[in-house]
Amino acid sequence: MSNHSRFNERCYQLLKLVPEGRVTTYREIARALKSNAWRAVGSAMAKNRQLIVIPCHRVVRSYGSIGQYASGVDAKANLLIGEGVDIVDNKVKDLKKHLFQFGH
DNA sequence: GGCGTGACCCCAT
DNA sequence: TATGGGGCCACGC
């Protein structure tokens, strides 16, 4: 385990584990890191410049709202829909169905 | 070495 | 059912 990594990078590594058609939440990532820094997780995503390598479009809010995205919420919604996630009015229709958990 | 900021969360009106 | 406000943490200046 490299606890030497920056918090941001640990978020990215976790995010890479989320497969297509699945989503996770800012809170789940923080929880997986044994932290309550959901805020910091959001900041980490915002600073992500490698949109292709790091699929931050698969991160949504706890209530299912898709939140924000560097290229706009519409792009985020379309990407998710393209992966098979049901999106209605910028919200995940059935979060429980698509939610990927890191095993806790 | 302190302070503001942000792709958030949740409860109380 | 909609909003408001307080709280949480890492990062950069």
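## The surface near DNA strand B

A residue is near a strand if one of its heavy atoms lies within 4 Å of it. In this predicted model, the largest share of the surface near DNA strand B comes from H3, which gives 7 residues. Helix H2 (26-32) and helix H3 (38-47) each supply at least two residues of this surface. In total, 16 residues surround DNA strand B. The closest are Tyr26, Arg39, Ala46, Ser62 and Gln68. By class, the surface near DNA strand B has 9 nonpolar, 4 polar and 3 charged residues.

Of the atoms of DNA strand B within 4 Å of the protein, 41% belong to sugar or phosphate. The rest belong to bases.

Ser43 uses its side chain: one of its polar atoms lies 3.2 Å from a base nitrogen of DNA strand B. Met45 and Ala46 come in through the backbone. A polar backbone atom of Met45 is 3.0 Å from a base nitrogen of DNA strand B. For a polar backbone atom of Ala46, the distance to a base nitrogen of DNA strand B is 3.4 Å.

## The surface near DNA strand C

Around DNA strand C are Arg6, Phe7, Asn8, Asn36, Ala37, Trp38, Arg39, Ala40 and Lys47. Sugar and phosphate make up 74% of the atoms of DNA strand C that come within 4 Å of the protein. Two elements give two or more residues to this surface: helix H1 (7-15) and H3. H3 gives the most, with 4 residues. By class, the surface near DNA strand C has 4 nonpolar, 2 polar and 3 charged residues.

Two contacts stand out for a first look. A backbone N or O atom of Phe7 lies 3.1 Å from a phosphate oxygen of DNA strand C. Arg39 contacts a base: an N or O atom in its side chain is 3.2 Å from a base oxygen of DNA strand C. Arg39 is also among the closest residues to DNA strand B.

## The largest pocket

About 330 Å³ of space lies in the largest pocket. Its lining has 15 residues. Tyr26, Trp38, Arg39, Gly42 and Ser43 lie nearest the pocket centre. By class, the lining has 8 nonpolar, 4 polar and 3 charged residues.

H2 and H3 each supply at least two residues of the lining. H3 gives the most, with 6 residues.

Note on methods
Residues numbered from 1 in each chain as written. Chains lettered and ligands numbered in written order. Predicted model: local features only at pLDDT ≥ 70, side-chain atom pairs only at ≥ 80, totals over all residues. Heavy atoms only, no water. Polar contact = N/O pair within 3.5 Å; in protein donor to acceptor, adjacent residues only side chain to side chain. Nonpolar A, V, L, I, M, F, W, Y, C, P; charged D, E, K, R; others polar. 1 Å grid on protein atoms, 1.4 Å probe; cavity = no way out; pocket = protein on both sides within 12 Å on 5 of 7 lines; lining within 4 Å. Points joined across faces, edges and corners; volume = space filled by probe spheres on them.
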